[in-house]
Amino acid sequence: MMGYFKIFGRGFLIVMLVAANTVQIARGDLEGGFVFGFLISFVWWHNSRTASRSDLPGAGFVYALGAGCGTVAGTLLGRIV
């Protein structure tokens with residue numbers, strides 16, 4: 001079960017940061033865009049090397065579910081920041 005939580009979290013985190021960064025860019029907020037851009041790259045560095053190595057059944061679906069939830073959370077976060 002913990003493996004699925006980690007996969008969900010990876011999809012959630014990377015897409016949340018991208019959504020929040022997109023909001024900052026659309027607003028012309030260079031500082032916010034820089035911070036979120038840095039965080040995206042930092043997380044993606046680790047994520048791209050490990051996320052696809054899971055042998056859990058349905059891992060792709062769980063990752064995509066996390067990404068969908070991350071989109072909503074990141075858009076809301078981007079509006080708040």
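What follows is a tutorial dialogue on a predicted model.

Student: Where does Gln-24 lie, and why is Gln-24 called buried?

Tutor: Gln-24 lies in helix H1. Its relative accessible area is 0%. Buried means under 20%, so Gln-24 is buried.

Student: What is in contact with Gln-24, leaving aside neighbours within four places in sequence?

Tutor: Gln-24 is in contact with Asp-29, Gly-32, Gly-33, Phe-36, Gly-78 and Val-81. Contact here means heavy atoms within 4.5 Å. Of these, Gly-32, Gly-33 and Phe-36 are among the buried residues of H2.

Student: Why is Val-15 called partly exposed?

Tutor: Val-15 is in helix H1 too. Its relative accessible area is 22%. Buried needs under 20%, and exposed needs over 50%. The value falls in between, so Val-15 is partly exposed.

Student: What does Val-15 touch, not counting residues up to four places away in sequence?

Tutor: Val-15 touches Ala-67, Gly-70 and Thr-71. As for Val-72, its C-alpha atom is separated from that of Val-15 by 9.1 Å. Those two residues are 57 residues apart along the chain.

Student: How do H1 and H3 pack, and what makes the crossing right-handed?

Tutor: H1 covers residues 2-27, and H3 covers residues 59-80. They pack at an angle of about 35°, with axes 6 Å apart. H1 passes H3 in a right-handed crossing. By class, the contact has 18 nonpolar, eight polar and three charged residues. The term right-handed applies because the near helix is turned clockwise from the far one.

Student: Now H2. How do you know that its span agrees with its number of residues?

Tutor: H2 has 21 residues. At 1.5 Å a residue, they should span 30 Å. The end C-alpha atoms are 30 Å apart, so the span agrees.

Student: Where is the kink in H2 centred?

Tutor: The kink is centred on Trp-44 and is about 30°. That angle is taken between axes fitted to the seven residues ending there and the seven starting there.

Student: Which residues of H2 are buried, and what covers them?

Tutor: The buried residues are Gly-32, Gly-33, Phe-36, Ile-40, Val-43 and Asn-47. What covers them includes H1 and H3.

Student: Ser-48 is found in H2. Is Ser-48 buried, partly exposed or exposed, and why?

Tutor: Ser-48 has a relative accessible area of 39%. That lies between the 20% and 50% cut-offs, so Ser-48 is partly exposed. Its C-alpha atom is separated from that of Ile-14 by 10 Å. Along the chain, Ser-48 and Ile-14 are 34 residues apart.

Definitions and conventions:
Residues numbered from 1 in each chain as written. Predicted model: local features only at pLDDT ≥ 70, side-chain atom pairs only at ≥ 80, totals over all residues. Heavy atoms only, no water. Axes fitted to C-alpha atoms, helices over the stretch in contact; angles between N-to-C directions. Helix = DSSP H or I, 4+ residues; strand = E, 2+ residues; numbered from the N terminus. Nonpolar A, V, L, I, M, F, W, Y, C, P; charged D, E, K, R; others polar. Buried < 20%, exposed > 50% of the residue type's maximum accessible area, 1.4 Å probe, protein only. Expected span 1.5 Å × (residues − 1).
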